[in-house]
Each structure stands twice: as C-alpha cells, then as structure tokens.
Amino acid sequence: MAKVELKDIARRFGGVTAIADISFEVPDGEFWVLVGPSGCGKSTILRTIAGLDVATQGQIYIGDRLMNDVPARERDVAMVFQNYALYPHMTVTENLAFGLKMRGIDDKTTASRIDTVAQSLNIAHLLDRKPRQLSGGQQQRVALGRAIARQPQVFLLDEPLSNLDAQLRDDTRAELKQLHQTVGITTIYVTHDQVEAMTLADKIVVLNQGSIQQIGTPQIIYANPANQMVATFVGNPPMNMLRATYQRQAGAPAFAVHQQRLPCPERLAAALKPEQRINLGIRPEQMQVVTAQDPWHLQAQVTLVEPLGREVLVRAEVLDGAAPSTTLSVLVPPSQTVIVGDRLYLALNLDALFVFDAVTGDRIGPAE
Ligand code: ATP
C-alpha cells in the first residue's frame, strides 16, 4: 500500500487543456473519489496515475517514488474500467489467476488468493464458467476480483459500476466499501454519480472543466460547498438556486427575489454590497410548505407532486408578481397534503441559506 501524490499536474492535447493545476495527496489506505460532469478530466487524471497517459507538466508519486518515467506495468497499480475486458476464452479462475501468473506468484499463493477473493465477491460458484456465461454484474465482480487478487499498492477504478442495473449497483457499491474496509488498499475511484461519491469516499475531489473545485469529506462538500458548481452537483434533488438582488431598506438588509422580499441574515449582509446580484442557494430539505404568510416566506404555486415513499417531492414556482418564475424543489412529509395548482408559501430556513456571486459562482459570506 502507498500514498498517491499529484503535484501541479496538467495534460494538454494540442490546444485543448484537459486538466490543469491538479494537486492532491491521497494518504496510504484511503478511498478517494474523483467526481464531476462529463469531460471534466476525471479519466485523464486516473490514466495519468496509471501510466496509460503522460502528463504534460507536474509530478506523480506513488509512495515516495517519482513515477513520471516509470512504465505502467512497473507502477504496481490495478485499474478497473467500466468495460471489464475479461479474457473471453479463459474461465473465471484463469482470469483471476492471469495477473498473478504474469508476476511469477506461485500456484499455492494464487489458489489461496483466488479463494479469498471469490468468497468476498460472492463468485465462488462461478469459477469454472467463461465470461459469456456470466451476467454483466458477475463479469464486473470478476474484473474487480482480478484487480484485488493482485494485491497492488493502489487501485484505480474508472466508473466500475456504471454498466450494472440499479439494484446490482447498490449491492456492489456496498460490497466495494466493505472490501476496502477489509483490505485497506489506497483507492482512487472515478464517477459522475454523486451518490457513489458520497457513500464511498473518505474524501471527494470535485472537478469541473479540468480543474479542482473542492476537496473534502462528503459531509464538508455537502454542508460547506466552495462554490455554486459544487453546491448544485452534490445532493439529490440538487440545491435550489434563486436569482436575487441584495438591498437595504430603512437599514434592514433584504433580498429582492422575483418581486418578493426575504430578510437577509446579518452574517451574510456583512459580505454584500447594495444592489449586488447574487444567487441564493437552499436545499430542498431546508424549506417547508406552509399556508400562512410571513416575512421569510416566498409565495409559490405548486406544479408537480412526486411521492417518493419516505417523503414527497413538491415542485413549486415562485410567483413573480402574479406570474410564475423559478421552480423550486421542496421535500415534505407524506402526511402533508399538497395539491397541484395550490398557491402556498415556502418557509426557508435562513440559517441554511447560501449566497453565490451571480457572475463567478463563488461562495459569498459564511454559512451555518
Ligand atoms: P467522462 O465522464 O465523459 O468519461 P471525464 O471527466 O473522464 O469524462 P476525460 O475523458 O478525462 O473526462 O476528458 C477531459 C477532456 O479532455 C475532455 O474535454 C476531452 O474531450 C479531452 N480529451 C481527452 N482525451 C483527449 C484526446 N486524446 N485528444 C483531445 N482531447 C482529449
């Protein structure tokens, strides 16, 4: 096992900068997840660590060894891709054993490692089958097993669950987490699925357009996002955004929102200038649907009601004068009756309000 350190990594393809200024250090034994929208550079970072791609700039260390000029096969990393690439003519056992044989591991150790991996991934009953006799989920377990059996210093996993159906994906995700708790190998995992990122990671690296937006524990990324991109990317349903202008009227700080007003908490007012254009961020669970008017309520019209079982997702358009405008998502308890077309009020928890610069998306002021 080993730490993985990237120092100021960049990768350019001709005039295209795929990634830039990428620096982070994954401590020995931790599970880090790289997350971000399509094209943000996740796979390029992983391929650079694996030695399948060459950085235009910067240094990569595994343990204390500088890896820039070390060929991929000597880096002692195991990579698992979305396309599992098993050898079709070999049985599961032969697939699992292949990497070990290549490294000169003796038969007894190989058999013991295959046994352990097969048990923990629940593929022991499939060992004599060929890949075409397996389901997609089973093939993916074998691909993971092949990487685990090698006992590398580092695992690099690139969207390894994205070919699985929803149920299998949930199950395999939980198994992966358990496996990591058992074997403790340093792991870097790429996904665009923020649920995978939240559930698996010791630390999440949020990427956008080739650069790091924020690094933190799942809790920090959720509760304390550095900017609007991170705030809206992590969380499902995503954080709501409302265009607003900061104003002071008769000394009282307020937000003008679609011809309505909300009081601005003092902790945010100190960082704002009069008439500054901002976006207000509020998570769906930080609002309530109420019938009584109050200064910190926004009037809205219900457009959609989606029962989710444990809660109900209500979509409501904030009224701009008489006309509807921005649609907000609100989570309410199933016991509450909300009907499409209702004109109601949304009570915002002002302690949970975020403010972002309307132009740069940077976070303004502190949040709770
Ligand atoms: P996805 O989630 O869709 O797999 P990603 O976050 O993994 O995306 P990368 O595959 O790392 O993104 O690509 C990052 C950027 O680099 C993209 O804009 C991509 O078009 C560009 N890119 C990647 N490989 C090349 C290449 N060989 N030549 C030119 N541009 C490339």
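Modeller: Happy to! The residues around the ligand are F13, A18, P37, S38, G39, C40, G41, K42, S43, T44 and E159, where a residue is near a molecule or strand if one of its heavy atoms lies within 4 Å of it. Before going further, please keep in mind that this is a predicted model, in which local features need pLDDT of at least 70 and side-chain atom pairs count only at pLDDT 80 or more, while totals for chains, interfaces and linings use all residues. Residues are numbered from 1 along each chain as its sequence is written, and side-chain values use heavy atoms, with hydrogens and water left out.

Back to the ligand. Its shell divides into four nonpolar, five polar and two charged residues; here Ala, Val, Leu, Ile, Met, Phe, Trp, Tyr, Cys and Pro count as nonpolar, Asp, Glu, Lys and Arg as charged, and the others, Gly among them, as polar. Helix 1 (residues 42-50) gives the most to this shell, with three residues. Helices (H or I, at least four residues) and strands (E, at least two) are DSSP runs, numbered from the N terminus.

A polar backbone atom of G39 is 2.8 Å from an oxygen atom of the ligand, and a polar backbone atom of G41 is 3.0 Å from an oxygen atom of the ligand. From S43, a polar side-chain atom lies 2.8 Å from a ligand oxygen atom. The ligand on its own has 640 Å² of accessible area, and the protein covers 57% of that (Shrake-Rupley method with a 1.4 Å probe; for residues, only the protein chains shown count as cover).

Four strands form an open sheet in the order 2-1-4-5, with antiparallel pairing; two strands pair if DSSP finds at least two bridges between them. Strand 2 (16-26) and strand 5 (65-66) are at the edges with a single partner strand each, so one side of each has no neighbour in the sheet. Strand 4 (residues 57-62) pairs with strand 5 in the antiparallel sense over two bridges, and I62 stands opposite R65 in strand 5.

Another open sheet has six strands in the order 13-12-11-14-20-21, again with antiparallel pairing. At its edges stand strand 13 (260-263) and strand 21, each with a single partner strand. Strand 14 (residues 277-282) and strand 20 pair in the antiparallel sense over four bridges, and the bridge partner of G281 in strand 20 is F354.

Aromatic rings give you further landmarks. Rings of Phe, Tyr and Trp (its six-membered ring) pair if their centres lie within 6.5 Å; planes under 30 degrees apart count as stacked, over 60 as edge-to-face and the rest as tilted. The count comes to five aromatic pairs. F31 and Y189 form a tilted one, 5.7 Å centre to centre with 40 degrees between the planes. Because F31 lies in strand 3 (residues 31-35) and Y189 in strand 8 (residues 186-191), the pair ties together parts that are 158 residues apart in sequence. Both F31 and Y189 are buried (buried means under 20% relative accessible area, exposed over 50%, partly exposed in between, with a 1.4 Å probe and protein chains only). The rings of F354 and F356 are stacked, with centres 6.3 Å apart and planes at 20 degrees.

How values were computed:
Polar contact = N/O pair within 3.5 Å; in protein donor to acceptor, adjacent residues only side chain to side chain.
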